[in-house]
Amino acid sequence: MTMRWENWARTESAVPAEVVAPSSAGEVSAVVAAAAAAGRSVKAIGSGHSFSGIAVTEGLQLRPDRMTGVVRADAESGLVTVRAGTPLHRLNPLLAELGLALEILGDIDRQTVAGALTTGTHGSGDRFGILATQVRELEMVLADGSIVTCSATQRPDLFAAARVSLGALGVITTVTLQCVPLFALRGLDRPQPLDETLDSLDELVSAHDHFEFFWFPHTATALTRRFTRLPADAELRPLGRVARTVEDRLLADYAFEGLLRLGARRPATVPGITRLATRLTGTRDVTDLAHRVFASPRNVRFREGEYAIPRDAVVAVLRELRRWVDTHDEAISFPFEVRFAAADDIWLSPAHERDVAYIAFHQYHRMPHERWFEVCEDVLGAAGGRPHWGKMHRLGAAELAEAYPRFTDFTALRAQVDPARTFANPYLDRVLGPVGVHTGGAR
């Protein structure tokens, strides 16, 4: 009997018929081939940090626990091959020991390498792409059990699709990443008026290597984060243990959780709670190795959706959402998060062929989110937004085909490499359509 699986956010769960933890591509190949022959679905999972149903299966679940670690590394070229189940928070120190780092990271580091790539995980910086743009080669197991390698020159169409594949094309077993020399970041967190932030947003984004900000609805303050890249041998001024305990654990976790529980019971208190949370967030100035600055702990549970919109639409969209909050009585207890990424050529990347601003919207998990998320999706969708594959959204294949120029190319490739739907699940059927059915959007 297998155990019930659920994701971190507790938005999705499943009881797979069988759970296997392979340790090599050969073992993955054997398991996938046997499952396909028996007509059983297969789903490789990561760390469960997706809010969507992308990892759900009632068939065979492949766990990443034994597919971890560095396979080979070339410090001179920066090319590092890692097993796909390696969590980012374990990979980063291994790279640092080699004098290397990932060029950019997201704001959490609990995901596995394959999970982060598969869902289109990103950081923030208008000169930097999503994490998948750092990939130079993938080893994958396809539905027939074959082990294949793809890159820009070897099976280039598979490479263009598989870097953000939603798990629909096969099981990624190893990833070759283009790393950069180890570097430090100075991170300056500072509140400032929201209107001032929006009025000067272009300058703020272009003036810093990485810029992002949070904004709690019901407040008029943006909590800005400005990162400057420094040499690895720069003087480090990390956040001390006591300060980290007080700020990240006592205030950000325990105190905030307590306030949100009150807000869930008494929604009328939520605007006051968000204003208090904003006032308690002061200036913080730290310098540390980059991976210790990019990522922050996330221990208070929430629901999340996120859309990538055209870069030049972000200010108008945020002002429209602010007007809605100010004219309605919806209690919204979690902030927006606004980040930026450069255009890329990956078929299902939300940043495909355009510079984007990512706008993430949230709600505390004990509070209703449906009405608020519907409003956010309406506004962001009208601006030409594309949803993050690992976050909650309502769109189906017909709408997504209109948003992605290479959507039909992706679904045609999916039909070619997985004709029997071995890697399908209800989420993929909704967002991609059934295998073999293609919906508009080709070019």
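How many salt bridges does a search of the whole structure find? The count is 28, taking a salt bridge as a side-chain nitrogen of Lys or Arg within 4 Å of a carboxyl oxygen of Asp or Glu.

The model is predicted, so local features need pLDDT of at least 70 and side-chain atom pairs count only at pLDDT 80 or more, while totals for chains, interfaces and linings use all residues. Residues are numbered from 1 along each chain as its sequence is written, and side-chain values use heavy atoms, with hydrogens and water left out.

**View 1. R298 and D107 make a salt bridge.** Their closest N and O atoms are 2.9 Å apart. R298 sits in the loop between helix 9 (290-294) and strand 17 (302-310), and D107 in the loop between strand 8 (100-101) and helix 3, so the pair ties together parts that are 191 residues apart in sequence. Helices (H or I, at least four residues) and strands (E, at least two) are DSSP runs, numbered from the N terminus.

**View 2. Five strands make an open sheet in the order 6-7-11-9-10, with antiparallel pairing.** Two strands pair if DSSP finds at least two bridges between them. Strand 6 (70-74) and strand 10 (147-151) are the edges, each with a single partner strand, so one side of each is left without a neighbour in the sheet. On average, neighbouring strands here are turned by 15° against each other, direction ignored. Helix 1 (residues 25-37) packs on this sheet and touches strand 9 (135-141), strand 10 and strand 11 (171-178), its direction making about 45° with that of strand 9. Contact means heavy atoms within 4.5 Å; axes are lines fitted to C-alpha atoms, for helices over the stretch in contact, with angles from 0 to 180 degrees between N-to-C directions.

**View 3. Strand 15 (residues 221-231) pairs with strand 13 (residues 183-193) over 11 bridges, in the antiparallel sense.** Here L188 stands opposite R226. Strand 15 is also joined to strand 14 (residues 210-215), again antiparallel, by six bridges, with F214 partnering L223. Strands 14 and 15 form a hairpin with five residues between them, and H218 in the turn has a positive phi of about 75°.
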